[in-house]
Amino acid sequence: MQLTNRSKQVSNKEMTLMERAYLPAIATGLAITIKHFFAKKVTIQYPEVKRYLGPVFRGRHILKRDEDGRERCTACGLCAVACPAEAISMIAAEREKGEENLYREEKYAAVYEVNMLRCIFCGLCEEACPKQAVYLRHDEFIPVFADRDQVIWGKDLLVEDMNNRYTREAWTKEEARVLDLKKASGEVTNVVPRAIP
């Protein structure tokens with residue numbers, strides 16, 4: 001009885017002298033080796049040379065500031081709720097008199113922490129944020145941890161440095177789609193990356 005139509009008929013014919021010597025198989029293997037020997041190397045020298053990660057890569061977390069240097073985060077907690085790994089925790093506080101130049105809204109995150117061991121870099125925190133405060137950089141990796149004390153990132157590591165602002169060509173999906181169409185049609189050739197408006 002035959003169960004499938006994929007069965008193959010096996011022949012038990014005798015091998016020729018050339019097949020028994022395995023010379024054609026050895027020649028084929030050497031040809032493949034020689035072909036790869038002269039091919040372009042795919043290895044990059046990582047610390048010195050860094051590969052372009054692309055616009056959709058999600059790397060290092062950052063808490064954005066506005067153009068005046070005030071923190072955007074209002075400690076609404078939507079990023080923490082959206083996080084499937086429960087890696088984000090925060091404590092909200094109210095802005096005091098005289099702190100208007102530090103925070104945009106009356107409420108801000110006094111403590112904002114991300115556990116980098118738990119984070120799965122899914123980007124859901126980025127999508128949930130109504131104030132466009134949380135981003136995962138597309139151009140920077142998370143550094144290697146040497147100690148467990150380095151895995152909880154607080155505001156000292158997350159808040160954006162105004163002297164080294166995070167820039168992108170497009171900040172929203174719609175803006176990126178329009179930019180891609182313009183690049184494809186030839187309308188735009190060179191786009192200057194900019195900080196979030």
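Helices and strands here are DSSP runs, numbered from the N terminus. With that in hand, start the tour. The model is a predicted one.

**Whole chain**

Show the protein chain as a cartoon. Its secondary structure comes to 6 helices and 5 strands. Follow the sequence and the pattern reads α-α-β-α-β-β-α-β-β-α-α. Now zoom out. The C-alpha atoms fill a box of roughly 95 × 50 × 40 Å along the principal axes. The radius of gyration is 27 Å, whereas a compact globule of 197 residues would come near 16 Å. Colour by burial next: 27% of the 197 residues are buried. Then turn to contacts between residues at least 6 apart in sequence; 73% of these join residues at least 24 apart.

**Stop 1: Tyr22**

Select Tyr22, in the loop between α1 (17-21) and α2 (23-37). Check its backbone. Tyr22 is not a glycine, yet its phi is positive, at about 60°. Most residues other than glycine have a negative phi.

**Stop 2: Gln132**

Jump to the loop between α4 and β4, where Gln132 is found. Gln132 also has a positive phi, about 55°, and is not a glycine. Is Gln132 buried or partly exposed? Its relative accessible area is 30%, so Gln132 is partly exposed.

**Stop 3: the largest nonpolar core**

Show side chains for Leu63, Ile88, Tyr112, Val114, Cys125, Val134 and Leu158. These have the most contacts inside the largest nonpolar core, which has 22 residues. Two elements give two or more residues to this core: β3 (107-115) and β4 (134-136). The most come from β3, with 3 residues.

Centre on Val114. Beyond its neighbours within four places in sequence, Val114 is in contact with His61, Ala87, Ile88, Val151, Ile152, Trp153 and Leu158. In soluble globular proteins, nonpolar side chains tend to be buried together.

**Stop 4: His138**

Select His138, in the loop between β4 and β5 (152-153). Why does His138 count as buried? Its relative accessibility is 16%, and buried means under 20%.

His138 and Gly54 are 84 residues apart in sequence, but their C-alpha atoms are 6.8 Å apart in space. Leaving aside neighbours within four places in sequence, His138 is in contact with Leu53, Gly54, Pro55, Phe57, Tyr166, Thr167 and Arg168.

**Stop 5: the largest pocket**

Switch to a surface view. The largest pocket holds about 830 Å³ of space. Which residues are closest to its centre? They are Pro55, Arg168, Ala170, Trp171 and Thr172, out of 27 lining residues. Pro55 and Arg168 are also among the contacts of His138.

Highlight α4 (124-128), β4 and α6 (173-185). Each supplies at least two residues of the lining. The largest share, 5 residues, comes from α6. By class, the lining of the largest pocket divides into 14 nonpolar, 5 polar and 8 charged residues.

**Stop 6: the second largest pocket**

Stay with the surface. The second largest pocket has a volume of about 220 Å³. Select the lining in two stretches of the list. Ile44, Tyr46, Lys50, Arg51, Tyr52 and Leu53 are among the lining residues. His138, Asp139, Glu140, Phe141, Ile142 and Pro143 line the second largest pocket as well. This lining has 7 nonpolar, 1 polar and 4 charged residues.

Note on methods. Residues numbered from 1 in each chain as written. Predicted model: local features only at pLDDT ≥ 70, side-chain atom pairs only at ≥ 80, totals over all residues. Heavy atoms only, no water. Core = buried A, V, L, I, M, F, W, Y, C linked by side-chain atoms within 4.5 Å. Buried < 20%, exposed > 50% of the residue type's maximum accessible area, 1.4 Å probe, protein only. Helix = DSSP H or I, 4+ residues; strand = E, 2+ residues; numbered from the N terminus. Contact = heavy atoms within 4.5 Å. 1 Å grid on protein atoms, 1.4 Å probe; cavity = no way out; pocket = protein on both sides within 12 Å on 5 of 7 lines; lining within 4 Å. Points joined across faces, edges and corners; volume = space filled by probe spheres on them. Nonpolar A, V, L, I, M, F, W, Y, C, P; charged D, E, K, R; others polar. Rg over C-alpha atoms; globule rule 2.2 N^0.38 Å.
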